[in-house]
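Biologist: Can you walk me through this one? Keep it simple, please.

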Amino acid sequence: YYSALPQDKKTLIIPSIEEKEFSLPDKASSFSRVKNYLCRERGLDELLVNKLHEDGRIYQDIRANCVFTMQDSLQNTVGAFIRSTYSNFRGDVAGSKKTHGFFYESCPGAKKLVITESFIDALSYITLKLHNHEPIDFNVLGSDSASTINETFRINYLTRPEIHKNIDTVILAPDNDHAGTKAIESFKEFIKPFHHIDNVQFDIPNTKDWNQDLQAEKEVGISL
């Protein structure tokens, strides 16, 4: 299903360089601040947030930051992304293998994969579909940034049966900005050797990103 890929791209090779040891930030006993931030301030679906928290994919650290955990195909935690609930601070935890991204199987057996530029955008995309009573017939893959989309897709495609055995449609949904436009043009060429992918679509938010779309939609709903 990826026979046209160069040989060095067919196998996931971990670079033989000295890497910082990864460890998760200490978990707080409470989840209330992060839940309030994600659900009230960012507008994410509460049931979705609760499920991710129960599964250990999202938690609150002792500084009240929101921690998103990155997992490999064997569900080993290989990295984490931190988002402050009080400021604009955000970043990867040292030693994280950030190109694993944030995969969430929102629809087991789905043939569609939606790829976004960030973890919160991936969850915002699901929430928007829920709000508009549209089917959740896709899984999501949040990348660390626009520049890591291609490699994040490649790693997950090679290692996750949920993707390389099921997915035939990829929907790239980057930000509505210059970086997002570049990501689309790059992905159009990058995806060509993946012959198992029959259909590539592009979905662009109306505002800058999917979370801004979600918040704008909620504001309209409140005003009505």
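**Inside and outside**

Modeller: Thr-69 is buried, as its relative accessible area is 1%. Buried means under 20%, exposed over 50%, and partly exposed in between, with a 1.4 Å probe and protein chains only.

Biologist: What kind of model is this?

Modeller: The model is predicted: local features need pLDDT of at least 70, side-chain atom pairs need 80 or more, and totals for chains, interfaces and linings use all residues. Numbering runs from 1 along each chain as its sequence is written, and side-chain values use heavy atoms, without hydrogens or water.

Biologist: Where is Thr-69 placed?

Modeller: In strand 2, residues 66-71. Strands (E, at least two residues) and helices (H or I, at least four) are DSSP runs numbered from the N terminus.

Biologist: Which residues is Thr-69 in contact with?

Modeller: Leaving out neighbours within four places in sequence, they include Leu-24, Tyr-59, Ala-80 and Phe-102. Contact means heavy atoms within 4.5 Å. Gly-56 is also one of them. Its backbone oxygen lies 3.2 Å from a polar atom of the Thr-69 side chain.

Biologist: New topic. Is Gln-75 buried or exposed?

Modeller: Gln-75 is exposed, at 62% relative accessible area. This residue sits in the loop between strand 2 and strand 3. Its phi is positive, near 65°, and Gln-75 is not a glycine.

Biologist: And how about His-133, buried or exposed?

Modeller: His-133 is exposed too, with a relative accessible area of 75%. Its place is the loop between helix 4 and strand 7 (138-142). His-133 follows helix 4 and has a positive phi, near 55°.

Biologist: How many residues of helix 4 are buried?

Modeller: 11 of its 13, so the helix is mostly covered. Among the buried ones are Phe-119, Leu-123, Tyr-125 and Lys-129.

Biologist: What happens at the start of helix 4?

Modeller: A side-chain oxygen of Ser-118 comes within 3.0 Å of the backbone nitrogen of Asp-121.

Biologist: On to the largest pocket. What is its volume?

Modeller: About 430 Å³. Here a pocket is an open set of points on a 1 Å grid over the protein atoms alone, where a 1.4 Å probe fits, with protein on both sides within 12 Å along at least five of seven lines. The volume is the space filled by probe spheres set on the points, which are joined across faces, edges and corners.

Biologist: Last one. Where does Arg-160 lie?

Modeller: In the loop between helix 5 (149-159) and helix 6 (161-164). At 5% relative accessibility, Arg-160 counts as buried. A polar atom of its side chain lies 2.8 Å from the backbone oxygen of Gln-71. Arg-160 and Phe-103 are 57 residues apart in sequence, but 9.7 Å apart in space, C-alpha to C-alpha.

Key:
On a 1 Å grid over the protein atoms alone, a cavity is a set of points where a 1.4 Å probe fits but cannot get out, and a pocket is an open set with protein on both sides within 12 Å along at least five of seven lines; lining residues have an atom within 4 Å of a point. A polar contact is a pair of N or O atoms within 3.5 Å; within protein, one must be able to donate a hydrogen and the other to accept it, and residues adjacent in sequence count only if both atoms are side-chain atoms.
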